[in-house]
Every structure is written in C-alpha cells, then in structure tokens.
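Reader: I would like to learn how to read a structure like this one. Please take me through it step by step.

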Amino acid sequence: MRMITKITVILLLVNTMFSQQKDSLKVNKLQEIVVLGKKANKQKKHTSIEAYMETSTKVNMIRRGNYAWEMSLNSMTSQRINTTIDGMQIFPACTDKMDPVTSYVEVVNMDELELNSGQKATEYGNVIGGGVNMKLKKPSYFGDGLKIDNYINYKSNSNYRSVATNIKYSLNDFFVRVNGVYKKTDNYKSGSGEEILYSQFQKTNIFLQFGYMFDENNKVEINYISDVARDVGYPSLPMDVSIAKADILSVSYFLKGEDTFFDSIETKIYANKIHHIMDDTQRPIVDIRMDMPGYSDTYGFYSKIKINRKRHKFLINTNSYYNKSLATMTMYPEDINEKDMFMFTWPDIRTFQAGVYISDNWDVNNNISLDLSLRNSLVKNNVNSEEGFNSLVIFDKNANKTRYLYLNSTSVGVLEQKENHSNYISFSYGERAPSVSEAYCFYLFNSYDGYDYIGNTNLKKEKSVDIQYKYSLKLKKYNLVFEASRFYIMDYIVGFIDENIDAMTISANGVRVYDNINFVNIYNFSLVQKLALNRFIAFDLSASYHKGIDNNDNNLPLISPFTYNMGLEISYKKTVTKIECLGNTTQNKYSSHFGENKTASYSVLNLNTSFKINTNYQVKLGIDNVLDKQYSTFSDWNNLERKGIDLYVKIKLIL
Amino acid sequence: MKFNNIYIVALIITLFVGCKESQVIEEIIKSSISLEDYTLTETMSIEGYYLEIYTSKGEFQTGNNVLYFKVNKVGAEDLGSVDNMVIKPVMNMMKMNHSCPVYGLSEVGGGIYSVSIAFQMSGNDCCKWSLTIDLDIDGETKTFSKEIIVLQAEKQNITTFVANETSYIMFLVEPSAPVKGVNDINIGLFKMENMMSFAVVEDYTMTLDPQMPSMAHGSPNNENPVFDIETGLYKGVLNMTMSGYWVLNMTLTNTEDNLVKGELLTDEVNQSSLFFEIEF
C-alpha cells in the first residue's frame with residue numbers, strides 16, 4: 001500500500017508540473033493495442049507474435065524453448081486468460097502447454113493485438129486475468145489491383161532464416177489475400193557460447209482471405225489459416241514436437257444499419273482443428289519411449305450487435321462454442337514382448353459454452369464516462385471416453401461425468417477525462433470454469449516442479465474481484481501511463497501434493513491433484529514514459545512490478561520481479577537507430593514449492609538501425625544482446641539460458 | 001450415453017408393452033445368458049444324450065474357467081428333470097491322480113448350467129485332464145466323461161503353495177476382461193483336503209499391491225480383497241491407471257494373523273512371491 005501511495009504522490013506532482021500544457025488525449029481505457037500491421041509505418045520490429053506481446057508491461061512470455069512461448073498476462077497464464085483470433089475460440093491441443101494459440105498465427109496475418117485486463121476481456125468467454133484478441137488483417141476494397149510485399153530475415157545466432165510473401169489483389173468490391181511464411185532455425189547459442197540442444201524449429205504458415213462487398217452495408221469475409229510446425233525442439237522439456245498443425249477457418253458477415261435500431265451486426269461462424277504430436281525420438285536417453293498425441297477441435301459462432309444511442313454505445317455479443325479435447329499417451333516398454341501401455345491424458349472432453357455479453361459505454365458528460373459490462377454463460381463439460389472416465393474414478397468415486405456451470409461477470413469503470421490527462425478506475429467480479437487439464441487431466445507430468453498432475457472433476461469455480469487503475473498523461477513531448485491492478489481470486493485452482501499416490505512418470509517427485517485454495521492476491525504495477533526531446537532524439541522508459549501471494553503468504557510461481565526497459569531512439573533523415581537496455585532485478589519472491597529457484601538479476605543491451613532506402617525498399621540491421629551476456633530470467637522454464645549475441649538483418653521489398 | 005438411453009427406453013417399452021408380470025422380467029434377466037455369446041469348446045455324449053460345453057475363449061486354460069453347458073436329448077426338445085449333478089475334473093498323472101477346485105454350479109436359466117473350474121496346471125503328453133459330469137435325468141444316472149485339453153495361460157493367474165502342511169490353491173477370477181481404471185477383483189482361495197477334494201478357505205486376510213514393473217509404479221486407492229460368504233470368493237477393487245503389463249503383488253494372512261504367503265513391497269522387495277499377472 002505504501003508503494004501505491006508513493007507512486008500516486010509522484011503522479012500528482014508530475015501532473016501539476018505539466019498541467020499547463022495542452023494536448024489531446026485519446027480515450028483508451030484499459031485496453032492496450034499492440035500494433036502489428038496497418039498503422040505501423042516503421043518496419044516490423046519482431047518476427048513473432050510472442051515477441052510483440054512481450055512489449056506490453058502486463059505481459060511476460062514463458063519460454064520452454066525458442067518456439068511457442070506461453071503468455072502470462074497480469075501474472076496469470078493460459079487457463080486464466082482468453083486467447084482468441086478475431087473472436088474465434090481456439091484451444092491448444094498439447095497437454096504440456098507446448099502450443100499456446102499464439103504459436104499458430106503469424107505477425108503477417110495480423111493487424112493488431114487487443115490486450116484486455118480482467119473482466120474487460122469477457123466479450124468472447126468468461127475469464128479471470130484478461131485476454132488477447134488477435135485481430136486478423138482486414139480486406140481493403142481500394143481497387144489497387146495486385147500488390148506484393150516480400151520480407152527476408154536472417155539472424156546469425158541460430159542461423160535463423162525466414163521468407164514471407166504477402167500478395168494482395170483488390171477491386172472495388174472484391175479482395176483476395178495470400179500470405180505465406182516459412183521459418184527455419186538451428187539451435188541457438190547462449191551467452192556462454194554453449195549450443196542449446198533441441199532449440200531448433202521450422203514452420204510454414206499460409207493465410208488466405210477472400211472478401212466481397214455486396215454494397216456499402218453488406219460484406220462477407222472468409223479467412224483460412226494453415227499453420228504447420230515441424231521438428232520443434234523444447235530444450236527445457238523432456239520431449240520435442242514432431243508436428244503441430246492447425247487449420248483455422250471462419251466466415252463472417254458484416255451488416256451496417258441505416259435507419260435501423262442497430263448500427264452494425266457482425267456474425268461469424270468458425271471451425272478450427274489442432275493436431276499436436278510430441279516426440280522423443282531425437283533424445284538419446286529417456287526413461288521410457290512414448291507417444292503423446294493431442295487433438296483439439298472447436299466449432300463456434302458469435303454475433304455482435306452495436307447500437308449507438310445518444311450518449312450510449314451498446315454492444316451485445318452472443319456467442320457459443322463446442323470443443324473436443326483428446327490426448328493420449330502410449331508408452332513402449334523396453335521388453336518388446338510386453339504390450340504397449342496406453343492411457344488417456346485428456347479423456348475426450350467435450351465442452352459446450354453459450355453466453356451473452358452486454359456492454360455500454362456511456363458518456364455521462366464531457367469529462368466523465370462510464371462503462372458497464374455483463375456476461376453470463378453456461379458451460380457444460382462431458383467426459384466422452386468411458387475408459388477415460390473409469391480411470392478418473394480411481395481417484396474420486398464421486399467423479400462428475402457431466403457437469404454444468406453457470407458463470408457471471410460484471411464490471412463497472414469510470415473514466416475522468418481532463419485536457420491532458422485522464423484517470424480510470426474499474427471494479428469487477430468474474431468467474432471461470434476449471435480448464436480441461438485442471439478438471440480431467442490424468443498423470444500429466446510438469447517438468448517445472450517435477451510432479452504428475454491429476455484433474456479433479458469436482459473443482460469449484462474460480463472467482464475474482466479486481467480493481468484496476470490507470471493514469472494517463474499526454475503532453476506535447478512527454479507521455480506517461482501508470483497502471484495498477486489487484487486481483488483477489490477466491491477458490492484459486494492449484495495442484496496439491498497427494499503423498500498416497502505413486503507418480504507415474506519414472507523420475508517424477510510425486511503426484512499433485514488439482515484443488516481450490518481459499519484465495520490468492522495478485523498485484524501488478526506498470527509505468528511507461530516517453531519523452532521526445534526534439535525531432536531527432538526520444539527516450540522511453542518502462543518498468544513493471546508484480547506480486548502474487550496465496551492465503552498462507554506463499555509466493556505464487558512465475559511472477560515477474562521488477563522489470564525495466566530503457567530506450568534511446570535517434571532519427572536522422574531516413575535512418576532510425578535505437579539503443580535499448582532491458583533487465584530484471586533479482587527474483588527474491590519465488591515459489592520453491594512449485595519448483596522455482598531464485599533467478600539472478602540481469603540486464604542486456606540491444607542495438608538496431610533501420611534504413612528506408614525508398615518506400616519500396618527497407619533494411620533493418622541490429623544486434624541483440626550486444627555484450628553476449630549469459631542469463632536466464634524468471635520466466636525461462638527450468639532456467640533455460642537465453643540467446644547470446646545475435647546479429648540480424650531484415651529486408652522488406654514491395655513490388 | 002446415447003446408446004444407454006436407447007437401451008433403457010427399449011427395455012421399458014418391452015417391459016410395459018410385451019409383458020405384465022414381474023415373473024416375465026425375471027425370465028428376461030435369466031435368459032440374458034445366451035450360449036451364442038460363447039464358443040463351443042467340448043461336446044460329450046452318452047446313450048442318446050449329448051452335453052455341450054461353452055466357454056468365452058473356446059478353450060480350457062490354466063486358472064479360472066467359467067463353463068456353460070446344456071444337456072440335450074437326441075431328437076427331443078424336452079429333456080425332463082435333471083438332478084444330482086456332480087462335476088469332477090481329474091488330472092491323470094502316472095503315480096497319482098488329482099482334481100482341482102470346482103465351485104459355483106448353478107442353473108442360469110433355459111436349461112443352461114454354469115460352473116467354474118480352476119485348473120492349476122496344463123495337460124501335457126504324459127498327463128492329461130479328464131472331465132466327468134454325473135447327473136440324473138428323470139431319476140436315471142448318466143455319466144459323461146472325456147479327456148480335455150487344458151492349455152497353459154500366458155500369464156500367471158493361479159498359484160499353489162504349501163504352508164503349515166496345508167496345500168493352498170489361489171487364483172484370479174476377475175477381472176476376466178480388465179479395463180483401464182477401476183476393476184472389481186475376485187480371488188478364489190481353496191485348500192486341498194485330499195487329492196480329490198478342495199474346500200473354500202474363509203476369512204483369511206489379503207493385501208493387494210498392483211505394480212507396473214516396466215514403469216516402476218503402482219496404482220492408488222486399491223481395496224484389499226475380503227471374503228464374501230455369498231460367492232465364496234475374496235472381493236476387492238483393483239485400479240489400473242493404464243493398459244499394459246501389471247503384476248498384482250499379494251500377501252495372505254490366516255485367521256490367527258500369521259502370514260501364510262507373500263511379502264509386502266519395500267525398497268528391497270520389489271515383487272511378492274505371491275502374485276498374479278495381468279496384461280491387456
């Protein structure tokens with residue numbers, strides 16, 4: 001609390017200092033937009049969605065290798081956050097979190113990432129921590145004809161190479177887009193010069209888009225993404241992935257209202273299929289050879305109605321999805337005469353969810369606006385595999401085969417808008433259903449704490465009360481955003497050690513069964529400042545601090561220590577050079593109970609320069625980790641070492 | 001789920017439409033054992049009568065065998081009353097003959113009888129099993145007898161041992177079709193009274209510790225088999241977390257609390273000398 005007070009005082013001082021200056025301020029509330037495409041005039045900085053996400057102070061990426069990083073938003077991971085692609089629900093197929101949804105899309109498919117905190121993210125599903133909606137590029141009916149962009153990237157450290165081609169063809173009423181990306185990398189080297197084995201990957205992504213405009217008010221859009229990653233190494237895990245494949249299809253219809261009760265209606269139906277195959281054939285020594293395939297199929301729709309009435313902006317989103325999650329494990333005994341050992345790790349779980357989200361943005365007067373949102377949904381879970389269910393009964397005679405949960409979310413926010421600054425505060429209550437793994441998993445090995453996990457079909461809903469605060473200041477040369485949030489989560493779901501159960505995995509420490517604990521508290525603070533001294537020189541500084549403790553004052557795992565990022569950008573003519581220093585302080589608040597250890601502080605230096613030779617030809621050169629520092633952060637799974645010095649070149653060529 | 005519902009609906013319709021008396025329901029349940037579900041394993045005949053034996057595997061194996069049989073009269077539908085049935089398997093060894101545990105003889109409906117026989121050894125070139133069934137048809141004693149082939153089961157499902165000058169036979173009855181997850185386990189325990197007679201041993205204590213040797217793990221929440229007076233078997237719960245090869249480590253303690261056979265697993269002892277095997 002003392003810290004909040006201090007920060008508030010500082011903010012007030014800053015506020016009075018600059019309050020004479022006038023500038024317009026964009027109303028942004030809590031939503032954070034990470035721009036990938038359209039508005040970004042500068043050449044794309046990063047080559048993966050994950051790297052873009054990490055630029056937000058609310059996000060940390062958990063790394064199990066060089067591929068498919070898992071997002072932590074407001075210090076909460078996958079089961080507590082909602083990841084959607086343009087409103088489509090899509091669920092990973094890997095039981096070991098090796099395929100977060102963000103790994104199945106590419107930067108070139110996206111316009112922007114919409115990050116929402118807490119209950120602000122419940123438009124498409126009930127959630128606790130927040131959500132990211134990755135917005136696909138939109139068709140543009142400019143009648144431009146054919147346009148082709150090409151990108152070539154090379155990074156020295158891991159011999160990373162990628163090529164991408166974006167082809168657009170547009171008439172006044174018709175649009176086609178074909179994007180193709182191919183990436184391949186060898187093992188990378190850490191700061192000590194050591195080769196990190198099993199950190200290679202390769203992937204191909206194809207994005208097809210068709211758009212047709214019947215008239216100004218009626219449009220249809222079809223999007224298809226095919227993403228195939230092969231030979232993906234996970235140096236922090238005991239297994240790799242031979243193939244991770246996603247097919248993502250959606251059809252949308254956009255209707256604009258004229259003289260109707262609504263302003264617009266957007267309806268989408270979608271289907272996606274993920275197929276994920278783990279592989280240990282590249283590892284010379286394993287306890288036992290095994291196959292672990294996982295499948296996740298989702299079908300759904302949403303229909304979004306926007307109604308603007310005087311000072312109100314209403315949004316009603318009705319949506320529903322059906323998901324099938326199935327994963328199995330086959331183990332091959334050393335004695336070839338013995339039969340293979342087989343079990344369901346996700347026993348064909350069918351989840352059905354239907355819900356309605358209603359929000360209103362109400363401009364009470366010129367300074368004050370209120371936003372209110374509500375979501376109610378019904379979730380049904382069913383264990384479809386008799387065999388799989390019979391296995392869950394081993395642990396709980398009263399296991400639920402079918403279960404219905406009713407989920408609520410309510411949120412109220414107030415924005416006070418002054419000439420050059422704004423204050424926003426929101427209060428919310430929300431609930432979530434247990435995830436497939438939390439409710440139904442069967443002996444899933446977690447290499448972080450070394451325990452086998454067992455699901456619990458009788459888990460209570462997790463409930464959260466959150467308070468979020470945002471202060472924004474926007475002056476001519478100086479911007480500042482401070483955010484603070486507190487999540488008080490009741491019936492928090494976590495694995496409890498059960499000493500009566502033998503571990504299944506040969507080298508595991510024991511077994512943990514999911515259960516609810518009374519409550520936890522999660523605090524997040526972040527500060528972002530930008531100062532443009534003149535046309536040539538700009539500074540930026542961002543910092544964040546997070547804390548997570550349970551009801552017994554134990555630290556929660558994977559919570560970031562104090563993090564900072566300082567940058568100096570020098571623009572001269574057509575050249576932009578940026579020097580960046582980022583780091584963590586020592587992670588003293590770690591959770592040894594969940595396999596964490598103290599992570600030392602670090603700081604690294606990055607340097608990059610981009611040249612715009614002409615509008616059609618751009619080159620960017622850079623060096624990451626200039627000093628070749630050997631380091632790993634709190635979010636590196638099993639202390640995986642990060643990349644050492646890395647030289648890169650990126651070329652963009654528009655034909 | 002859907003199929004279950006259809007069955008239940010069909011059953012209810014059958015019950016309400018087809019029949020009105022509860023007796024009929026009993027018959028439906030009784031005749032639920034249909035010989036068509038089993039394989040004809042052996043046929044014996046004598047003086048215008050023949051007897052067909054059905055088993056699920058179509059062969060006799062060491063361990064527990066459930067036999068279904070029916071006596072028929074050649075050229076006649078009605079057999080008449082059958083009484084005083086005695087079933088006697090005999091192992092014909094050169095020096096001495098012996099029998100094995102036979103239990104649970106009962107009529108299961110429709111003139112079909114069921115009996116369980118636990119063969120403790122397989123037949124071979126020198127020593128073969130024979131099966132004799134004595135019964136009275138309309139007051140006249142008939143004896144069916146035939147040499148049968150008993151094959152060695154792949155996994156250990158029966159064991160014999162001597163303790164305190166008593167010969168015991170212990171065998172696995174259920175699960176006969178093991179599944180992943182929760183299984184009922186039934187174990188038969190007999191002692192040899194003489195070469196031809198075996199008696200159920202009641203009220204001993206058993207422990208059960210299933211293990212997967214190739215993964216070096218067991219399974220949780222098993223229930224030790226306890227004696228069930230109704231069936232004469234020891235009944236418990238066996239949990240198997242996955243398919244594959246399992247060893248069921250057991251111990252047996254008598255009513256005076258003395259260990260008869262087997263060892264509890266420790267860091268040094270990784271398999272009991274009293275065990276059964278299951279692979280599925």
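**Strands, domains and confidence**

Author: B:W129 has B:I148 as its bridge partner in β10(B). Strands here are DSSP runs of E with at least two residues, numbered from the N terminus. This is a predicted model, in which local features need pLDDT of at least 70, side-chain atom pairs count only at pLDDT 80 or more, and totals for chains, interfaces and linings use all residues. Residues are numbered from 1 along each chain as its sequence is written, while chains are lettered from A in the order in which they are written.

Reader: How many bridges join β9 of chain B to β10(B)?

Author: Two strands pair if DSSP finds at least two bridges between them. Here β9 (residues 128-137) of chain B and β10(B) run antiparallel and are joined by nine bridges. Both belong to an open sheet of four strands in chain B, with the order β6-β5-β9-β10 and antiparallel pairing. Its edge strands, β6 (97-98) and β10 (140-148) of chain B, each pair on one side only.

Reader: Into which domains is chain B divided?

Author: Domain bounds come from an automatic or database domain assignment. Chain B has domain 1 (33-151) and domain 2 (158-279). Taken over C-alpha atoms, the centres of these two domains of chain B are separated by 27 Å.

Reader: How many residues of domain 1 of chain B are in contact with domain 2 of chain B?

Author: Two residues are in contact if their C-beta atoms, placed from the backbone, lie within 7 Å. In chain B, 12 residues of domain 1 are in contact with 12 residues of domain 2. On the domain 1 side, β4 (63-73) and β6 of chain B are the elements that give two or more residues.

Reader: How many residues of chain B are in contact with chain A?

Author: 19 residues of chain B are in contact with 24 residues of chain A. On the chain B side, β14 (181-194) and β17 (217-218) each supply at least two residues.

Reader: What does B:I169 touch?

Author: Leaving out residues up to four places away in sequence, B:I169 touches several residues, among them B:P101, B:A118, B:F190 and B:F198.

Reader: What pLDDT does chain A average?

Author: pLDDT is the predictor's confidence in each residue, from 0 to 100. Chain A averages 90, and 94% of the residues score at least 70. Over residues 3-28 of chain A the pLDDT is below 50, and this stretch has 30 contacts in the model beyond near neighbours in sequence.
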